[in-house]
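The sequence and the structure are shown first, and the description follows.

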Amino acid sequence: MEKDMNQNSPRIRKLRDNNSYPPNTPTSRMNNNQRDNHYHNNIPNSPRDYNQTPSSPTARLRWRNRSNEIPAEVKRGNASNVRNLLLGDKNKYRSMWIRTCSSLWMLGGVVFIIYMGHLYIWAMVVGIQIFMAKELFFLLRRAHEERRLPGFRLLNWHFFFTAMLFVYGRILQQQLVNTVSSDRFIYKLVSGLIKYQMVICYFLYIAGFMWFILTLKKKMYKYQFGQYAWTHMILIVVFTQSSFTVANIFEGIFWFLLPAALIAMNDVAAYFFGFYFGKTPLIKLSPKKTWEGFIGASVATTISAFLFANVLGQFQWLTCPRKDLSTGWLHCDPGPLFRPEYYPLPSWVVAFSPWKEISILPVQWHAFSLGLFASVIAPFGGFFASGFKRAFKIKDFGDSIPGHGGFTDRMDCQMVMAIFAYIYIQSFIVHQDYSVEMILDQISRSLGHEEQKMLYAKLGDILRHKLQGGF
């Protein structure tokens, strides 16, 4: 043993000359370049790689001890090394090409779905939810323990679809009633389901709770309760974001498309500004993020928000709210936010321009606020996801989208943005005053046909008495 540890022994000299060490060699015996190669070759790229742990307890312990070390490019605080990491990547042009192709493919699919209408956008959101839940469920999965718990994954999906029934049942109940109001039997059936929707969802959840208790096994309690808590955290994260997103969709596709597009614009702008000009690291959680990319993307996103809102505001079918679950195109009277206001240009500009005035939609001023949030605050959702992935020693949440990772990797900033967009719309866009439309919505939601007829008759009597008293 002492012979092997001697730095001048033939074995150590051979390993040093080859610039390599056996897989189980402690990193303390490696130099900086060797540690970089060691981590580059051993850090998993996805949860699927991360979950390939050894089967025996002793081997798992050794594997976990090795996985607790921090990657060298994060541990070292040398700014020059990080700059080299940013600018010296030989494969960055190939990576950019893959990301560009994937982005164009996704853009084409999203444009087609938006063209189809509100219901198809909702279906797209549900599909993204399922993929996100799948990636997050897999993150803490341990194959060795799960072999002893048949059907445990099915319990996770039971909770998932119960939460989906509860959330969307609450959000879309009015649209569902308006869709089936023409048929009396279906209307009564749907009204009854909506009335008892909370009871149905509660007992579905209780069924899953009892299922979990009955499947508890000795020596597996810690793992099972950890999975139970992890499942509920996933439901909160996924459904909080998606519920606000769906609510924005039915307020008008404009309010879904603009915030989502601003996040995509900011992401693309930050990538290209950082790619060509990035030199100063922004945050240690994401070594490839730079101040140049962050500032350049902020300016580009804010300007793009103002201009893009004008483009989207020209299409009436994007601005109309959807009151039912039909798929036809909408026609409505555009609100004051989407009616152009004209501003005269200064005289010195008119002298060199063929235009004497410019038209601006009032909604463009609101787009400024959304653009600022998308470029300054929303990226912290991505930083949070980066720290989360580093905590689990993974590069991406999944590998569903080439060059981008998984769906969760693309939705990290969208989660923060969707909630802000909903709060902003309800606070500054939607009027809280009671209107005829709001009262009619409440009547159609809360009263049956017979009760509505009684209300109609009483309103008629009240109006007749007022008219007679006026004469």
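## Aromatic rings

In this predicted model, F137, W157, F160, F161 and F239 are joined by ring pairs into a cluster. The count of aromatic pairs comes to 34. One of them is formed by F212 and F225, an edge-to-face pair with 5.2 Å from centre to centre and 85° between the planes. This pair links distant parts of the chain, with F212 in helix α14 (residues 197-214) and F225 in helix α15 (residues 221-251), 13 residues apart. F212 is buried, at a relative accessible area of 2%, whereas F225 is partly exposed, at 43%.

The rings of F420 and Y424 form a tilted pair, because their planes stand at 40° with the centres 5.8 Å apart. Both residues belong to helix α22 (residues 407-429), where a spacing of four residues separates F420 and Y424 by about one helical turn. F420 is partly exposed, with 22% relative accessibility, and Y424 is buried, with a relative accessible area of 10%.

## Overall composition and surface

The secondary structure of the protein chain consists of 24 helices and four strands. Of the 471 residues in the protein chain, 38% are buried. Among contacts in the protein chain with a separation of 6 or more, 72% are between residues 24 or more positions apart. The protein chain has an accessible surface of about 28500 Å², and carbon and sulfur atoms account for 65% of this surface.

A nonpolar patch lies on the surface, made of L165, F185, I186, L189, L193, Y196, V199, I200, Y202, F203 and L204, which together have about 1100 Å² of accessible area. Helices α13 (184-195) and α14 each contribute at least two residues to the nonpolar patch. The contribution of α14 is the most, with five residues. Y202, one of the patch residues, is located in helix α14 and is partly exposed at 48% relative accessibility.

Leaving aside residues up to four places away in sequence, Q364 touches F306, A309, N310 and S359.

## The disulfide and other cysteines

How many disulfides does the structure hold? The structure holds one disulfide, formed by C320 and C332 with their sulfur atoms 1.9 Å apart. The link of C320 and C332 is left-handed, with -95° about the S-S bond. C320 and C332 are twelve residues apart, and each is placed in the loop between α18 (316-319) and β3 (341-344). C320 is buried, at 1% relative accessibility, while C332 is partly exposed, at a relative accessible area of 26%. Two further cysteines are buried: C201 has 4% relative accessibility and C413 has 15%.

## Salt bridges

Side chains of opposite charge can pair when their charged atoms come close. The count of salt bridges in the structure is five, and the table lists R410 with D267, R322 with D324, and R339 with D333.

| Salt bridge | N to O distance |
|---|---|
| R410 and D267 | 2.5 Å |
| R322 and D324 | 3.3 Å |
| R339 and D333 | 3.2 Å |

In the salt bridge of R322 and D324, R322 is buried at 4% relative accessibility and D324 is partly exposed at 23%. In the salt bridge of R339 and D333, R339 is partly exposed, with a relative accessible area of 39%, while D333 is exposed, with 61%.

Notes:
Residues numbered from 1 in each chain as written. Predicted model: local features only at pLDDT ≥ 70, side-chain atom pairs only at ≥ 80, totals over all residues. Heavy atoms only, no water. Disulfide = S-S within 2.5 Å. Buried < 20%, exposed > 50% of the residue type's maximum accessible area, 1.4 Å probe, protein only. Phe/Tyr/Trp six-rings, centres within 6.5 Å; stacked < 30°, edge-to-face > 60°. Patch = residues over 30% accessible without salt bridge, like charges linked within 9 Å, V, L, I, M, F, W, Y side chains within 5 Å. Areas by Shrake-Rupley, 256 points an atom, 1.4 Å probe, with all protein chains shown as cover. Salt bridge = Lys/Arg side-chain N within 4 Å of Asp/Glu carboxyl O. Contact = heavy atoms within 4.5 Å.
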